[in-house]
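Work through the exercises below with the sequence and the 3D view at hand. Try each task before reading its solution.

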Amino acid sequence: MTKITMTVNGKTRSGDAEGRTLLVQFLRDTLGLTGTHVGCDTSQCGACVVHVNGKAVKSCTMLAAEADGADVSTIEGQAAPDGTLNAIQQAFQDHHGLQCGFCTPGMVMSAAALLKDNPKPTETEIRHYLEGNICRCTGYHNIVKAIMAASGQDVGAIAAE
Amino acid sequence: MYNFEFVKPATVDEAIAALREEDAQALGGGQTLLPTMKQRLAMPSKLVSLGGIADLVGVSSDGATLTLGGATPHAVVASNAGAYPALAALAGGIGDPAVRNRGTVGGSLANNDPAACYPSAALASGATIVTNAREIAADDYFQGLFSTALDEGEIITAVRFPIPQRANYQKFEQPASRFALVGVFVAQYADGVRVAVTGAGNDGVFRWSEAEAALSGSFTPDAVDGLSLSGDDMIGDLHGTGAYRAHLVKVMTKRAVAACN
Ligand SMILES: Cc1cc2nc3c(=O)[nH]c(=O)nc-3n(C[C@H](O)[C@H](O)[C@H](O)COP(=O)(O)OP(=O)(O)OC[C@H]3O[C@@H](n4cnc5c(N)ncnc54)[C@H](O)[C@@H]3O)c2cc1C
Ligand code: FES
Ligand code: FES
């Protein structure tokens, strides 16, 4: 066991980790931040996406030790301290961008990474960016709508399917 | 995954020293190695992360050659390799954004997955694989499925790509894995055209020499019309037969040439 320390959602957090401890295990089991989900554990589904030093990564495929000293953001840090949802989260609610909600933490974190680099993405760009995020419920349509809306764009342009 | 010792050296020399230990292995972005370890198909006793070595990350160009640091993530290549647009596009098409933020060029070339994208770019560009010990020409580097000229404990520190006059990579994506079902990289240089194929060959990435000769004569999609590859030399699996892949190689080659023109 080695002690590792990282900034998570703006706060310094430390804990013990083995060499093999995955970042997602450290977040969920050691720090108790269970908002980040494990859907596949094989880098396919994106339910575990968090940001490390501002970049979206699959936390099931990164060692906790690799994030020692890093700045990590998770779904828990997205809403304001009083619980007010951020624009992306609110848009997911308004546009029914979730059903069971299992994929949602990863979808929101991927969407946040996309909008940081590309504040007004097209529908095609959104769909392309979400290639690594799988949703078994929504059919993606309302997720794309929510991200269009969160970026201040007209969602009427996306035809209902 | 079995447990191991994790170390993150700050220099190449320290990494090489750490890799001398028996069963020590280099860790690039971990996008291939960690899944392999979870399946217990690899069980190193020590992982030597290359992620803390600043010298190994970066993209630079002198106009004739584009050089990538060995641990440069795909996303960094996609946004900084403008001097070699076909290579930047290839890097930007690997997997998904999160995979591209972690996965590295050195990891991809060291792994030499028969369906990976970078091997085709390295081979079609006649790239030089630079390691801590020597320089290896791409033509000598790839040695069959998941096998390369690298020795145990040797790491890729940089890759040098001669910049072609025109080039294009066409990937027919396997939709579940997002790797190439077939990928063809065509690069035109002053002294001829090079064509490298990934995803298809039984022995991994290969140069399609008949197409190279035809395209060096006439750089048009029609130039390869009369050529054909045998399905017997191609991978056949549940995603496609050998004959299907052989057909796709020609289609992707034509598309790549058309995209260059
Ligand atoms: C969902 C998903 C989709 C993907 N899609 C694609 C795709 O479309 N096309 C594609 O080409 N790839 C794809 N990949 C693979 C991805 O590009 C990997 O990042 C890459 O194959 C391995 O790079 P890495 O840096 O993650 O290496 P690691 O997983 O860290 O290491 C792989 C191997 O290389 C060795 N190694 C690592 N770095 C070095 C070095 N500098 N020198 C010597 N040896 C080294 C390691 O010891 C190990 O044996 C995908 C992966 C995933 C998870
Ligand atoms: S749990 Fe990490 S990608 Fe599915
Ligand atoms: S809402 Fe259920 S998996 Fe996406």
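A residue is called buried when its relative accessible area is under 20%, exposed when that area is over 50%, and partly exposed in between (1.4 Å probe, protein chains only). This is a predicted model, in which local features need pLDDT of at least 70 and side-chain atom pairs count only at pLDDT 80 or more, while totals for chains, interfaces and linings use all residues. Residues are numbered from 1 along each chain as its sequence is written, chains are lettered from A and ligands numbered from 1 in the order in which they are written, and side-chain values use heavy atoms, with hydrogens and water left out.

**Exercise 1. Find where B:Pro44 lies and state whether B:Pro44 is buried or exposed.**

Step 1. Helices (H or I, at least four residues) and strands (E, at least two) are DSSP runs, numbered from the N terminus. B:Pro44 sits in the loop between helix H2 (33–38) and strand S3 (46–49) of chain B.

Step 2. The relative accessible area of B:Pro44 is 7%, so B:Pro44 is buried.

Step 3. Contact means heavy atoms within 4.5 Å. Apart from neighbours within four places in sequence, B:Pro44 touches B:Asn3, B:Phe4, B:Asp23, B:Gln25 and B:Met37.

Step 4. B:Phe4 is 40 residues from B:Pro44 along the chain, yet their C-alpha atoms are separated by 6.6 Å.

**Exercise 2. Explain why helix H5 (residues 141–150) of chain A counts as largely enclosed.**

Step 1. List the buried residues of H5(A): A:His141, A:Ile143, A:Val144, A:Lys145, A:Ala146, A:Ile147 and A:Met148.

Step 2. Seven of the ten residues of H5(A) are therefore buried, and the helix is largely enclosed by the rest of the structure.

Step 3. Among the elements covering these buried residues are helix H2 (87–94), helix H3 (104–117) and helix H4 (123–129) of chain A.

Step 4. After H5(A) comes A:Gly152, with a positive phi near 75°.

**Exercise 3. Describe the contact between chain A and chain B.**

Step 1. Chain A brings 20 residues to the contact and chain B brings 26 residues.

Step 2. Buried area is the accessible area (1.4 Å probe) that two parts lose on being put together, summed over both. Between chain A and chain B this area is about 2,000 Å², and carbon and sulfur atoms give 53% of it. A:Arg20, A:Thr61 and A:Glu66 supply 30% of what chain A buries against chain B, more than any other three residues.

Step 3. A salt bridge is a side-chain nitrogen of Lys or Arg within 4 Å of a carboxyl oxygen of Asp or Glu. The rule finds four salt bridges across the interface. One of the salt bridges joins B:Lys38 and A:Asp41, at 2.8 Å from N to O. It crosses from helix H2 of chain B to the loop between helix H1 (23–30) and strand S3 (49–52) of chain A.

Step 4. B:Lys38 counts as buried at 18% relative accessibility, whereas A:Asp41 counts as partly exposed at 31%.

**Exercise 4. Which parts of chain B does the salt bridge of B:Arg207 and B:Asp139 tie together?**

Step 1. The closest N and O atoms of B:Arg207 and B:Asp139 are 3.2 Å apart.

Step 2. B:Arg207 lies in strand S12 (residues 206–207) and B:Asp139 in helix H8, so the pair ties together parts 68 residues apart in sequence.

Step 3. Shared partners extend this into one network of salt bridges joining B:Asp139, B:Arg194, B:Arg207 and B:Glu212.
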